[in-house]
Amino acid sequence: GRPALRLALGAVGGPGGETTSVVLSLGLGLTVLATIGQIDANLRSALQNELPARAPAFFFVDIPRDQMTRFEELTHGSGLVDEVNAAPLLRGIITRINDRPAREVAGNHWVLRGDRGITYSAAPPSGTTLTEGTWWPEDYSGPPQMSFSAEAAEEMGLKLGDMVTLNILGRSMTAEITSFREVDFSTMGINFLIVMNPAALSGAPHTFIATAYAPPEAEAGILRSVAGAMPNVTAISVREGIARAAENLGNIAAAIRGAAAITLLTGFVVLIGAAAAGERRRAFEAAILKTLGAVRRSILASFALRSAMLGAAAGVVALAGGAIASWAVMTFVMQARFVFDPVSAVAIVAGGATASLVAGLLFAWRPLAVRPARVLRARE
């Protein structure tokens, strides 16, 4: 009872059709767009939804040890700050593990690429969760000990009792790993991969790092207070950093979408060429259908359905490829959670169907206008 749909399905699945050319030409550009759309949606979701409910307003770095009292007076005493957390900050490079070159043991792990922040603490910092081992006593003064990030240690193949050699300010120091702990950088608070006992580092020259928690309306006052009294201290706005990261992600996504659009435009040109090449075949098909009694409206509907189905098929194939590619990028490159974005998916499939429909209709009017007798005689 639906001859137009039956004819469209037959044309899509029959030999000599346009299925391959349409899916390849249109599908390539749509696949790139689908991949970019899913990655962009996941990154924006991570920035908007996975940030902590309570993030610091500022990070203050390069605070000299002899100015910590003054800094605390400026922040706590201002009445603008809700909470201030501070920790000693040194930087060091892991050079050896169990008296072997670190890269021989852990390969090219990111922890070994350059120097890392190191701190010391007599007691476990607030919110610390140990996964293995025990923390040193508060009055411990023996050989250097360290607590290491559990996730990084697992990736590097470290275990309790391993000896790690650090180069700090040009001096090598070897410490035993006595505990592993959870380190969650998504809290945006002060986090260190390596924490050592105070006796090992407190005598080395170092500065402090601090976070200040405050409402948005108080940020300008805090910045003026600290910058005016302590110009040597660097203040980093967390809010501005997040906004700048979102802006950069948007610019990168826009640039890649532009390149994908060029690919899609090239595919559309190829699609137009395929539709133009099939114009003579459509004219013969229309002549046969008219001879059998089909009206022009049914023939046009058949051509339109055929084009729309081919475009939708290209969109679905592109969406599957884009979803797999974006999942791989988010999981293995970004090391983040992947969530399928249905809005982008619907837009891709609808765009593919529309592009194919437009190309098909552009070359459907002339075959419909040709008289059947003229086409059939020419065919003989």
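Reply: Let me begin with a term: a salt bridge is a side-chain nitrogen of Lys or Arg within 4 Å of a carboxyl oxygen of Asp or Glu. This is a predicted model, in which local features need pLDDT of at least 70 and side-chain atom pairs count only at pLDDT 80 or more, while totals for chains, interfaces and linings use all residues. Residues are numbered from 1 along each chain as its sequence is written, and side-chain values use heavy atoms, with hydrogens and water left out.

Me: Ok, how many salt bridges come out by this rule?

Reply: The count comes to five salt bridges. One of them joins Arg96 to Asp99, with the closest N and O atoms 3.4 Å apart, and another joins Arg100 to Glu104, where the closest N and O atoms are 3.9 Å apart. In general, side chains of opposite charge can pair when their charged atoms come close.

Me: And what does Arg70 pair with?

Reply: The side chain of Arg70 meets that of Glu73 in a salt bridge, at 3.8 Å from N to O. Both residues lie in helix α3, residues 68-76, and they sit three residues apart, which is about one turn of the helix. Helices (H or I, at least four residues) and strands (E, at least two) are DSSP runs, numbered from the N terminus.

Me: Switching topic, where does Asp162 lie?

Reply: Asp162 is in the loop between α5 (150-156) and β7 (163-168), and its relative accessibility is 5%, so Asp162 counts as buried.

Me: Which side chain does the side chain of Asp162 make a polar contact with?

Reply: That is the side chain of Asn98, at 3.2 Å, and the side chain of Asp162 also reaches the backbone nitrogen of Lys159 at 2.8 Å. A polar contact is a pair of N or O atoms within 3.5 Å; within protein, one must be able to donate a hydrogen and the other to accept it, and residues adjacent in sequence count only if both atoms are side-chain atoms.

Me: What about Phe208, buried or exposed?

Reply: Phe208 is buried, because its relative accessible area is 16%, and it lies in strand β10, residues 207-213. Leaving aside neighbours within four places in sequence, Phe208 is in contact (heavy atoms within 4.5 Å) with residues including Phe60, Ile63, Met68 and Tyr120. The C-alpha atoms of Phe208 and Leu90 are separated by 8.4 Å, although these residues are 118 apart along the chain.

Me: Last topic: how many residues does α10 have?

Reply: Helix α10 has 38 residues and reaches 54 Å from its first C-alpha to its last, close to the 56 Å expected at 1.5 Å a residue; the expected span is 1.5 Å times one less than the number of residues. Trp327 has its place in this helix, residues 296-333, and counts as partly exposed because its relative accessibility is 40%.

Me: Which residue with a positive phi follows α10?

Reply: That is Gln335, whose phi is near 50 degrees.

Methods. Buried < 20%, exposed > 50% of the residue type's maximum accessible area, 1.4 Å probe, protein only.
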